[in-house]
Amino acid sequence: MSVTAIAHPNIALIKYWGKQAGDGNLPATPSVSITLDDLASTTRLTSSPDADDHITLNGESAIDPKISACLTMLRRDFGIPPVSIDSDNNFPTAAGLASSASGFAALITAIDAFAGLNLQDDDRAVYARRASGSAARSIYGGFATLGPPDWVARPVLTPEAWPLNVVIAITDENRKSVSSSLGMKTSEETSPYYEPWVSSTARDYEAALKAIADRDFERLADLSESSCLKMHGVMQSSQPPMIYWRPATLSCIHAVREMRARGLPVFFTIDAGPQVKAVCLPEAVDRVADALADITGVLSTRTVGLGAGARLLET
Ligand code: 2P0
């Protein structure tokens with residue numbers, strides 16, 4: 001028996017950074033994201049040849065505490081036999097490109113089919129969130145939310161309903177030195193900006209939902225850039241500080257701001273890593289990709305669209 005699932009990373013426009021106290025891995029801030037196409041985690045599940053789980057990531061045998069914790073969590077609710085997990089990313093792993101989001105969305109989707117759990121989308125999103133908060137949003141394609149009152153991720157718009165493009169500027173392919181989970185804990189405990197970050201994000205979230213409903217690109221651009229910069233302000237004001245940016249990251253920010261000031265429909269966002277994602281309307285994508293590729297320190301660019309939610313490939 002073999003099951004293969006695929007899921008795409010998602011990029012938050014209104015960001016999740018910080019957790020509520022208690023169980024369930026509930027975020028402290030509501031988030032809105034876009035799921036990408038092209039970049040993907042592909043996860044194949046087979047029966048384990050022995051009594052242990054086996055994990056292979058990008059072709060190498062791995063011990064991954066978050067994947068083990070995910071299996072333990074699911075086994076509290078369901079009978080799941082020992083499994084062999086073989087997962088590949090077609091993009092850099094743990095480098096600020098949301099590989100944990102696509103990875104866990106694919107894993108939950110594969111386990112659901114492998115063990116015959118028959119989970120609804122909501123349930124897959126809840127288990128994905130408990131494994132890794134951002135993964136809940138990759139259960140869905142297009143625009144998705146993770147917010148109050150129940151903190152279950154939900155779809156907002158299909159990819160076709162507002163087909164944005166994203167130019168990703170890769171400035172450093174190394175794995176990040178601080179994981180998001182540890183980084184959030186550090187920010188919660190030490191950043192003087194943490195409380196205003198949480199309270200202002202609740203307002204940004206509501207405003208972003210309205211901008212998306214109205215297809216108001218400029219409003220969404222303002223809110224998204226502000227959310228990104230506030231989150232990085234929290235990261236940089238934590239102790240120890242987290243400075244995920246490389247020099248080329250800042251060069252890309254300036255380039256995007258200049259293009260936007262000249263009237264191109266584009267805005268930037270950056271996650272817990274040094275890569276810049278320039279979100280744009282289709283008419284701007286070629287000029288944005290050319291401009292970012294020319295920046296010193298940009299190693300490569302990748303242009304993607306909005307993609308579908310986590311799904312099975314074959315059983
Ligand atoms: C986001 N990030 O909303 C934000 C922006 C990173 C920066 O969600 O601890 O890997 O596994 O729930 O989901 C990364 O956090 O953290 C993240 P856990 P996760 O996309």
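Me: In which loop is Pro149 found?
Reply: In this predicted model, the peptide bond from Pro148 to Pro149 is cis, with omega near 5 degrees. As for its place in the fold, Pro149 is found in the loop between strand 8 (143–146) and strand 9 (154–157).

Me: Which residue does a cis peptide bond join to Gln239?
Reply: The bond in question has an omega of about -5 degrees.

Me: What is the phi of Asn25?
Reply: Asn25 sits in the loop between strand 2 (10–14) and strand 3 (31–35). Asn25 is not a glycine, yet its phi is positive. The value is about 50 degrees.

Me: Which residues come nearest to the ligand?
Reply: The space taken by the ligand is the largest pocket. There are 17 residues around the ligand. The nearest of these are Lys19, Lys66, Gly133, Ser134 and Ser181.

Me: How far is an N or O atom in the side chain of Ser134 from an oxygen atom of the ligand?
Reply: A polar contact requires a pair of N or O atoms within 3.5 Å. For Ser100, a polar side-chain atom lies 3.1 Å from an oxygen atom of the ligand. For Arg137, an N or O atom of the side chain is 2.8 Å from a ligand oxygen. For Ser134, the distance is 2.7 Å.

Me: How much of the area that the ligand exposes when taken alone does the protein bury?
Reply: Taken alone, the ligand exposes 470 Å². Of that area, the protein buries 93%.

Me: Which helix gives the most to the shell around the ligand?
Reply: The shell draws at least three residues from each of domain 1 (2–161) and domain 2 (165–305). The helix that gives the most supplies three residues and spans residues 180–190. This is helix 5.

Me: How many charged residues does the shell around the ligand have?
Reply: By class, the shell has five nonpolar and seven polar residues. The number of charged residues is five.

Terms used. Residues numbered from 1 in each chain as written. Predicted model: local features only at pLDDT ≥ 70, side-chain atom pairs only at ≥ 80, totals over all residues. Heavy atoms only, no water. Near = heavy atom within 4 Å. Polar contact = N/O pair within 3.5 Å; in protein donor to acceptor, adjacent residues only side chain to side chain. Areas by Shrake-Rupley, 256 points an atom, 1.4 Å probe, with all protein chains shown as cover. 1 Å grid on protein atoms, 1.4 Å probe; cavity = no way out; pocket = protein on both sides within 12 Å on 5 of 7 lines; lining within 4 Å. Sits in = over half its atoms within 2 Å of the grid points. Helix = DSSP H or I, 4+ residues; strand = E, 2+ residues; numbered from the N terminus. Nonpolar A, V, L, I, M, F, W, Y, C, P; charged D, E, K, R; others polar. Domains from an automatic or database assignment.
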